[in-house]
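Q: Please take a close look at the nonpolar packing and the aromatic rings around it. Keep it brisk, and give the cut-offs.

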Amino acid sequence: MTLESGLPEVVSDDENLARFLFSGRFYKAARVLSAAFMPNPNDHETSISRKDAEPAEELWRLAPAAAPGRSLHGAAVFKARVAREARLEVVADEPPPRHAVIRGWFWDEADPDLQRARQKEAAQVIASGSEFIPFPMSVSDLHFT
Amino acid sequence: MSRPVSIIGGCVVGGFAALGVYAHVGSAVSHTANAASKAACAVWQSAVSSEALYGTQVTALSDLRALALECAEANWDGYGAAAIDELAVRNAEDVLFALPPGIPMPDLAPEPNGGVSLEWFRSRNQMFSISVNRGLRLAYAWLDGSDRGHAVARFDQRVIPAGILEGIKRIILDDSGVRAA
């Protein structure tokens, strides 16, 4: 089954995902910091976009839908399998086209500190498997393993 | 609900020890209190600006203040993040001040819940992070090759908890105890 974007409904392990970075505080040099992947406190999810084999320009075209009016610094790109290795779920969430979310973050309102510690560990796993792509470098120049 | 960071004549945060009490101003203060706060703020800035006293901590504290300003309003990340929390910034200051000599300053980052992240990085698979928030329990996590984990430790605002300090050292020092490049 395919979505309106033409992508399959199920996000495969080998799919490249992009977390658009609208703050310069989420990366240092070519490294993405784990804070970039921490979940939103309202919906408990991390918003991402599915990066197919299309030219890099297509990736950047998706950014305004993620955060209208924001200036884009770049994107953290990683395989879906990396997030799953952190025991998180990656699910399609259209519209907008190609939008997906990371969910399944540990949540325990009774112990928010432990909650953050566990989330941090998962975010580190994603950060370690991510490449920072500064806007507007070509995504196709990178090879993900 | 997060409270925006106080900004008094360019002094954004003041958090540690007695000066911190005066360097912060709430929404309703007297003229006298305001003047005292400004004076304390000036003293604090002067002290913090002294390289002889605090060395590389000055740069980190300055970066923390800049971060607090940049993220003082909600949605600073474009995804609906909470405004950076003043108490979290003060606590992060205290953590930076408490780091013993020989421990490099971490990379600082805001977190979507209004907290502050302190991260030490050695390689792609070796990092240590502390999540500092309103309370004095520090959430931390590490990734060290195939080993990874998380924990929470209480911070007394003076001494870095032993588990955290050992964890940082494990990441940033090589086997001979020398700081990794």
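A: The largest nonpolar core has 64 residues. Such a core is a set of buried Ala, Val, Leu, Ile, Met, Phe, Trp, Tyr and Cys residues joined through side-chain atoms within 4.5 Å. Buried means under 20% relative accessible area, exposed over 50%, and partly exposed in between, with a 1.4 Å probe and protein chains only. The residues with the most contacts inside this core include A:Phe37, B:Leu118, B:Trp120 and B:Phe128. Helix 5 (residues 86-98) of chain B gives the most to this core, six residues. Helices (H or I, at least four residues) and strands (E, at least two) are DSSP runs, numbered from the N terminus.

The model is predicted: local features need pLDDT of at least 70, side-chain atom pairs count only at pLDDT 80 or more, and totals for chains, interfaces and linings use all residues. Residues count from 1 along each chain as written, chains are lettered from A and ligands numbered from 1 in the order written, and side-chain values use heavy atoms, without hydrogens or water.

Take B:Leu118. Beyond its neighbours within four places in sequence, B:Leu118 is in contact (heavy atoms within 4.5 Å) with residues including B:Ala92, B:Val95, B:Leu96, B:Phe128 and B:Ile130. A second, separate core has 14 residues, among them A:Ala56, A:Leu62, A:Ile133 and B:Tyr79.

Now the rings. Rings of Phe, Tyr and Trp (its six-membered ring) pair if their centres lie within 6.5 Å; planes under 30 degrees apart count as stacked, over 60 as edge-to-face, the rest as tilted. By this rule there are ten aromatic pairs over all chains. A:Tyr27 and A:Phe132 are stacked, 4.1 Å centre to centre with 15° between the planes. A:Tyr27 lies in strand 2 (residues 27-28) of chain A and A:Phe132 in strand 8 of chain A, so the pair ties together parts 105 residues apart in sequence. Both A:Tyr27 and A:Phe132 are buried.

A:Trp60 and A:Phe135 have ring centres 5.1 Å apart and planes at 85°, so this pair is edge-to-face. A:Trp60 belongs to helix 1 of chain A and A:Phe135 to the segment after strand 8 of chain A, 75 residues apart. A:Trp60 has 9% relative accessibility, so it counts as buried. A:Phe135, at 42%, counts as partly exposed. Ring pairs link A:Phe20, A:Phe22, A:Trp60, A:Phe135 and B:Tyr79 into a cluster.

B:Tyr79 also meets a charge. The charged end of A:Arg19 sits over the B:Tyr79 ring, 3.9 Å from its centre. The rule: NZ of Lys or CZ of Arg within 6 Å of the ring centre and within 35 degrees of the ring normal.
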